[in-house]
Amino acid sequence: MNIPNDNDFPQFKSAESTQIKKASADKYSVIHNRPERVLNAEKTENGVLLTLSVSAKRANLSYTHETALYLMKPCDADIEELFVRVEPWSETVFRVALSREKEPRDPFANIPREMRMLTAEPGKVKFDFSDNGGEIVLKTAKTEIHIDKNSFKISAYNGGGKMFFSQRKNDFRTADVCDMSIGTLGGEYISFEALDLENDEVIYGLGERWDGIVRNGRSVDFYNKDAVGVTSKRSYINIPFYISSKGYGLFLNSGAKTRWDIGSDDCSALQFSAADDQMEYFVMHGEPKEIIRDYCSLTGFAPLPPLWSFGLWMSRNSYVSWDVVNEIAEKIREYDIPCDVLHLDTAWFKTDWDCDLKFSEERFPDPVGHMAKLKERGFHTSLWQYNFIPPNPENANYIEAVENGFLAKNEKGEPYRLPEECKGSWVNDAVIDFSNPKARKWYGEKIYSLIKMGAGAIKTDFGEGIPEEAVYQNIDGRHFHNFYSLLYNQTVFNASKAAGKENVVWARSGTAGSQRCPVHWGGDSQCSFEALAGTLRGALSLGLSGIPFFSHDIGGFLGTPSDELYIRWAQLGLFSSHSRCHGVGNTAHREPWEFSREACDIFRFYDKLRYSLMPYIYKEAEKCTESGLPMMRALYLEYPEDRNVYHIDDEYLFGDGILIAPVLAPLSKSDMRNVYLPAGVWFDFFTKEKIESHGMWIKRRVDLKTMPMYVKEGTELEYCSEDKTLINGYGEIVKKEIWV
């Protein structure tokens, strides 16, 4: 049942709210105030405002012989009227807003529009309005929205008259479906919605999901948190947007804690809820590519990262001095490894992790000079930081932030601290309040200075674990937890942009709109083949959620990879949109020469192949910024009519023309790779074998060096001259191939 419980909605277990905690002990005590029928319909400039009567139900424990279940029974409503706005925003997009007031409250009112999840404003779309007494119809050139006034049910049809969207009404007594309503529980509110889910309908998206690209039947932990691995349901990046194989997408514009049940409580219903007294969502329809484009038209398109960012990044946690950095730079060139970025992780400060944004005078003296020399040798420098400040009296940033009120606070107005029972390394860290414009300006100026000193990129680590019970200046914590990452990343991204023509962040956390701040990476993965497969699933799921650029830690972050795992991860990583080697600990080597000679040779081969294909990669990246499509593309996006691809999440299209089938298991299990080739003509990239497919599986024998790659007929590949850096562009085109 789509009801919040203690685990789902942290505000129900707040230590300061005994009454709410007690009420939530019975998760079925929620009163569902449901819109029953339309009392009044007022045509507005943008659509229609509906005033609705309310009926209420509550779930009660019942028995059918030995079966215990909850049945919905009528009860007294505690909301007199409900209001719903239905508004076309374009020919293919419409808005639905449920509230207790005629004018919904804007939880983001004090946040600049360009920094919100929803950045678009209502368009001046032409629509026809009709009301025959029993039904209201809003009609654009490509969409018809029907509202039944007696039962209050919204359905929508495309230009061909095919229904693609319909609300689900709970006309059965069981409490398995919670249809549109505003629930009350101990003084708190939860908004609910339920839609029809067809038997063969498949749902994709909802952010970074390690367990698969298909969301049907899976529970979703929709609360940004440190995932600590990439094989659980935890996620750094929850995005309230999904795509349906039925031909529509839906974006829930909420920063509040949400829950999604997709055919899990009732196989015929897609349900979602938010810990709020109102709900706003947008529905768009068309082909999958059109749906992603419409979603990005609401939340923003990704800017194009600089060319050099598509080169190799070399890192570990952490290089501890310029001496180590320079040694790495020397070996990169000595071993003939094309590379463009060297990253300094947590140890460039005086004290490891004590993030004061100042270079250690002992270990990292003269940062301007050293970064300039690295750039002369073809290396940009990337710097780590995070959104917390250790309460160190010697940390000038902490003192400034306290004096100026730039930190999240407790109820007494003091810097917020996690409770004593919360054990962990960062229990005392103070949280920068990025809802405060002065704090954004203060922190942005510090980032600006680092870029002016010569840094090429900033790693925006963390951002997903801020406490919602803390007090923030311009937004309630309950609406800020998932949304925080966007303000954090955009503050750093904007400051970097202001400091130079090129800018990029290396971000871990995110939400809707985060595509505006590329690049995101997959966080702290384990060193295992299972985590390698989870990483790919997370990449494809993010791509289905509007994030076009994605990377991950080659070799895995937590642990020590074998040579074989390192090779397989490098093959995938060097054919991701961005490529970085990284591992935990300053002796956790991820540089290719630290592995066997064979591993280093194979790494070099794929690294050079990536660099030679840079004209193709960069052109495809440019397309992504215009379309919203990801570089790593689930086959469903390109072949939505092919039911065979619906569940495939172990291969992908790299741009428009190259199909990648990474090897995700050790050779000890199998030396054969099953690869699905959609209908069309394909060429094996390495053997040039031509395969005419009607949509079929093939078996491809693999050795340690081989990662199957296939090129779609008609694809033009340009190869550039071999170079070890992209700092001056990718050089001349030395070969063109049109695969026919």
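Trainee: Where is Trp-353 found?
Mentor: Trp-353 is found in the loop between strand 20 (341–344) and helix 4 (367–376). Helices (H or I, at least four residues) and strands (E, at least two) are DSSP runs, numbered from the N terminus. This is a predicted model, in which local features need pLDDT of at least 70 and side-chain atom pairs count only at pLDDT 80 or more, while totals for chains, interfaces and linings use all residues. Residues are numbered from 1 along each chain as its sequence is written, and side-chain values use heavy atoms, with hydrogens and water left out.

Trainee: What is the phi of Trp-353?
Mentor: Phi is positive, about 75°, although Trp-353 is not a glycine.

Trainee: And is Trp-353 buried, partly exposed or exposed?
Mentor: Trp-353 is partly exposed, its relative accessible area being 25%. Buried means under 20% relative accessible area, exposed over 50%, and partly exposed in between (1.4 Å probe, protein chains only).

Trainee: What about Val-228, what is its phi?
Mentor: Val-228, a residue other than glycine, has a positive phi near 45°. Val-228 lies in the loop between strand 13 (203–207) and strand 14 (238–244).

Trainee: Now peptide bonds. Which bond is cis at Ser-318?
Mentor: The bond from Asn-317 to Ser-318 is cis, with omega near 25°. Ser-318 has its place in the loop between strand 19 (312–314) and helix 3 (322–334).

Trainee: Which residue is joined to Val-519 by a cis peptide bond?
Mentor: Pro-518 is joined to Val-519 in this way, and omega is about 20°. The loop holding Val-519 runs between strand 25 (505–507) and strand 26 (520–521).

Trainee: Changing topic, how many disulfides does the structure hold?
Mentor: The structure holds zero disulfides, a disulfide being a pair of cysteine sulfur atoms within 2.5 Å. For Cys-75, the nearest cysteine sulfur is that of Cys-178, 13 Å away. For Cys-624, the nearest is that of Cys-296, 10 Å away.

Trainee: Last one: what is the strand order in the open sheet of six strands?
Mentor: The order is 30-31-32-37-34-35, with antiparallel pairing; two strands pair if DSSP finds at least two bridges between them. Strand 30 (632–633) and strand 35 (690–693) are the edge strands, each pairing on one side only.

Trainee: How many bridges join strand 34 to strand 35?
Mentor: Four bridges join strand 34 (residues 680–684) to strand 35, and the two run antiparallel. Phe-683 stands opposite Lys-690 in strand 35.
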